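This briefing is for a reader who is new to the structure shown below.

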Amino acid sequence: MRAPALVVLSLLVAGGRLAAQDSQFGIQGLGTPGKQESVRSRSAAGAFAAFDAFSPLMDASLADIRRLSGSVTGATSWRKVPADSGEVTLRGTRFPALVIAGPILRRLSLGGGFATYLDRSYGITTQDTLVIRGDSVPVSDKITNDGGVTDVRIAAGVRVGRALAIGAGIHLLTGSSRIVATRRFTDSTNYRPTTSRDEVAYQGMGASFSALLDVGRDLRLAGWYRADSKLRADLGGRTVAENDLPVSYGSAVLWSPGNQVVFAGSAQWHNWSVAGPGVYAHDTFNWSFGAEIGSVGSPFRIGARGGQLPFGAHGAPSEAGISAGLGRQFAGGRGRIDIGIERLQRKDDRLTEKVWTMLLGVTVRP
Amino acid sequence: MRRLVGTLGLVAAAVTLGCEEQLIAPGDCPDFCPNGQIVLVDTVFTSVIERDSAYRGYVKAYQSAAATATDQPAAQSRPYFKLDQMFTSIRVSAADTTLVPVFADSSRLRLAIVRPDTAAPNLRLQLYALPSTVDTLSTYADLDPYFNGPIVDSVNVSDLRSRPLIGDSATVHAWGDSIRTDSAGHVLIISRVDSTWFIYFSLDTLQAPLAAPDSGRLAFGVRVVADTAVSIALGTNESVSNGPVLEWFYHYTPKDSVNAKSDSTLRAPVFDSFVFDPPNPALDSNLTIGGTPSARSLIRVTVPPALRDSIDVVRATLLLVPVAPVNGLVSDSFHIVARQVTTDLGAKSPLNNEPAGNVVIHPGVADTVRLEITDMVRAWVILDTLTTTAFMLSQVPEANSFTEARFYSSLTPAFRPALHVTFVRRFPFGRP
């Protein structure tokens with residue numbers, strides 16, 4: 001009893017804020033989709049996410065957990081975006097994924113946790129000159145949005161044979177964002193500054209299905225499917241916006257030609273365009289490839305990824321990145337620390353955004 | 001390897017947990033800004049002011065802190081005051097109840113010009129003797145004969161101002177400050193605190209007689225003249241420190257003595273006031289503000305639903321159309337202030353002490369008057385929607401002068417008061 005409580009407590013303390021890294025490309029859309037990957041997976045560009053029980057992407061992989069375990073991911077990003085005066089560096093710290101899982105029967109494991117579904121944290125400032133009462137009045141606006149949509153998952157993975165594991169999960173999409181819109185006037189004698197603030201609550205549902213198939217000793221295949229309902233935005237109990245959420249699916253392959261090296265690759269599709277034209281949504285395809293080299297106790301990981309982001313006024317922005325990381329088991333395999341670093345570049349015709357992210361993951365198996 | 005991972009892990013933990021967030025960047029609009037924007041609306045509400053009224057009688061001439069003295073073609077205004085009684089005999093010691101007579105030697109009268117008119121050339125103050133029977137009900141017509149009588153004393157203030165400043169130690173010791181003086185003994189001291197001009201008249205016993213039948217009471221009227229139209233204001237007793245003061249210099253001979261003793265004593269007015277001609281016209285259907293006794297106008301506002309639904313008011317301006325330009329000279333300019341009515345009881349409504357807005361009214365100008373009342377309207381809309389949405393307009397300084405402003409009321413549809421409001425629409429929260 002003490003060990004599970006310790007796991008839950010330590011992970012909850014660490015998981016203060018669940019969100020992914022933000023992006024300017026998500027401001028006009030529903031947000032920036034989160035990467036549902038543990039540090040181990042993300043250090044290899046997400047290629048291992050489908051096979052990693054601590055990445056909230058697939059439920060079937062929970063079947064591989066033979067002991068109560070928990071894992072939390074922390075990420076700090078430095079993001080450079082162009083501005084009139086050159087470039088602005090933005091910083092943000094997030095805890096984008098948390099998974100707790102354990103077996104309840106010999107072949108059945110249950111798991112759950114949180115992951116970022118959409119990050120809606122941003123702040124923008126603009127300057128303008130308005131003609132009010134026949135005079136030109138310079139104004140400066142600041143709109144900040146702090147929050148996002150979190151994917152709360154309860155899932156089960158079951159091994160139905162030596163080679164096949166299947167899984168399913170239900171997802172409650174919930175969260176909120178605090179929005180503050182402020183306008184200040186240069187002529188502060190005649191015009192008072194104005195601030196509007198409110199908190200928007202988000203709600204939605206989803207379900208996911210997945211399977212893992214071992215083809216021989218060295219090859220493993222994964223496939224997953226997920227359908228989400230509508231994302232409802234409520235303000236004071238009144239629905240102010242409703243957007244369809246995408247159907248997503250993907251597949252991955254893992255090849256371990258020897259004891260010291262594992263390769264993986266994945267592809268996934270999201271039909272975000274159902275979210276509606278008002279949010280400039282586009283379907284996306286994302287791929288990744290990565291390798292884990294070294295012993296299970298202290299591997300080195302590397303990977304590359306590419307694809308698109310779903311929201312952009314001038315078509316789907318592209319995203320490409322590379323990442324690397326290290327892992328280390330301790331306490332006889334009861335704990336593991338993973339660290340990683342990721343470099344992403346997102347761009348469209350108008351804007352290029354460059355991101356460095358430092359990753360830290362802790363996994364505990366009491 | 002273990003040490004490397006441990007060290008990097010600590011660094012990553014420190015960076016991850018210790019990083020301060022910075023998410024605000026200049027917006028590249030419209031492509032990378034939220035679809036929802038802050039929207040301003042600027043509109044004139046022409047029919048939200050109703051049941052507006054004017055009332056007179058708040059502050060009377062003898063209650064004001066200053067009194068206007070003016071000489072202009074369209075108006076005459078003359079301050080006057082009655083000084084407190086002066087004793088005509090004195091008890092020499094506490095042990096001896098015998099009274100001995102007091103003989104006045106001279107006196108010195110101090111007047112304070114709290115609102116000078118520096119543009120008027122050859123500005124003169126003329127002092128007239130008034131009967132001790134004057135009171136606060138005396139009218140311009142009552143006093144006019146005395147102002148056409150002999151002048152008790154006259155000082156050319158413009159000339160006095162041009163005189164050299166005398167600041168030797170003996171003078172400063174006697175007067176408390178550097179002075180300017182003329183050959184007739186008039187003295188000018190300009191206050192270092194508020195630039196008030198203090199004028200001292202030296203009066204002999206013929207100019208200021210100590211008359212036992214009047215109990216030593218003296219009354220004076222003041223007239224201002226210049227080579228052009230002129231308007232100034234004299235401080236009154238209600239201003240605490242700028243009222244007229246007469247210092248009696250007297251002597252008496254104590255009992256059993258042949259040597260006279262000299263002394264002096266100060267006398268302030270029992271009241272001071274002013275009279276003017278022509279009198280303020282009676283109140284009519286327009287909104288009147290100012291004059292003496294002072295008039296105020298009560299403005300009631302029906303906050304329109306469009307404002308109730310808005311999230312914030314950034315500017316609110318009351319528009320008042322004058323019936324006619326205010327009568328007077330440039331130096332007669334005054335303020336109109338708006339004060340929130342805390343409970344609407346009509347003319348006697350209690351008011352918030354803090355002015356909600358003020359505007360300067362210049363005589364001779366016929367433009368629409370714009371009074372900024374943003375904070376008050378904002379409070380009606382946002383802070384307390386149950387508050388009384390009314391305010392009172394009054395003159396500052398009040399009842400100092402004959403000047404008053406008249407504006408069209410809501411009974412004149414074409415020129416009725418209006419509220420010009422710039423407000424922000426409700427921000428489209430929740431919409432991407």
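The largest nonpolar core has 68 residues. Within this core, the residues with the most contacts are A:Ala50, A:Phe51, A:Leu62, A:Ala222, A:Ala264 and A:Phe311. The model is a predicted one.

**Nonpolar cores**

- Strand E3 of chain A (residues 86-103) gives the largest share of this core, 7 residues.
- In soluble globular proteins, nonpolar side chains tend to be buried together.

**Around A:Ala222**

- Leaving aside residues up to four places away in sequence, A:Ala222 touches A:Ala50, A:Phe51, A:Met58, A:Ser210, A:Leu212, A:Ser251 and A:Ala252.
- Two of these, A:Ala50 and A:Phe51, are also listed with A:Ala222 among the residues with the most contacts inside the largest core.

**Where chain B meets chain A**

- On chain B, 42 residues are in contact with 56 residues of chain A.
- The elements of chain B that give two or more residues to this side are helix H1 (2-18), strand E1 (24-26), strand E2 (40-45), strand E21 (312-320), helix H6 (374-383) and strand E27 (418-424).
- H1(B) supplies the largest share of the side of chain B that touches chain A, with 8 residues.
- By class, that side of chain B has 23 nonpolar, 11 charged and 8 polar residues.

**Strand pairing between the chains**

- Strand E5 of chain A (residues 122-132) and E1(B) run parallel and are joined by 3 bridges.
- A:Ile124 has B:Ala25 as its bridge partner in E1(B).

Note on methods
Residues numbered from 1 in each chain as written. Chains lettered and ligands numbered in written order. Predicted model: local features only at pLDDT ≥ 70, side-chain atom pairs only at ≥ 80, totals over all residues. Contact = placed C-beta atoms within 7 Å. Helix = DSSP H or I, 4+ residues; strand = E, 2+ residues; numbered from the N terminus. Nonpolar A, V, L, I, M, F, W, Y, C, P; charged D, E, K, R; others polar. Pairing = 2+ DSSP bridges. Core = buried A, V, L, I, M, F, W, Y, C linked by C-beta atoms within 7 Å. Buried ≥ 20, exposed ≤ 12 C-beta atoms within 10 Å, placed from the backbone.
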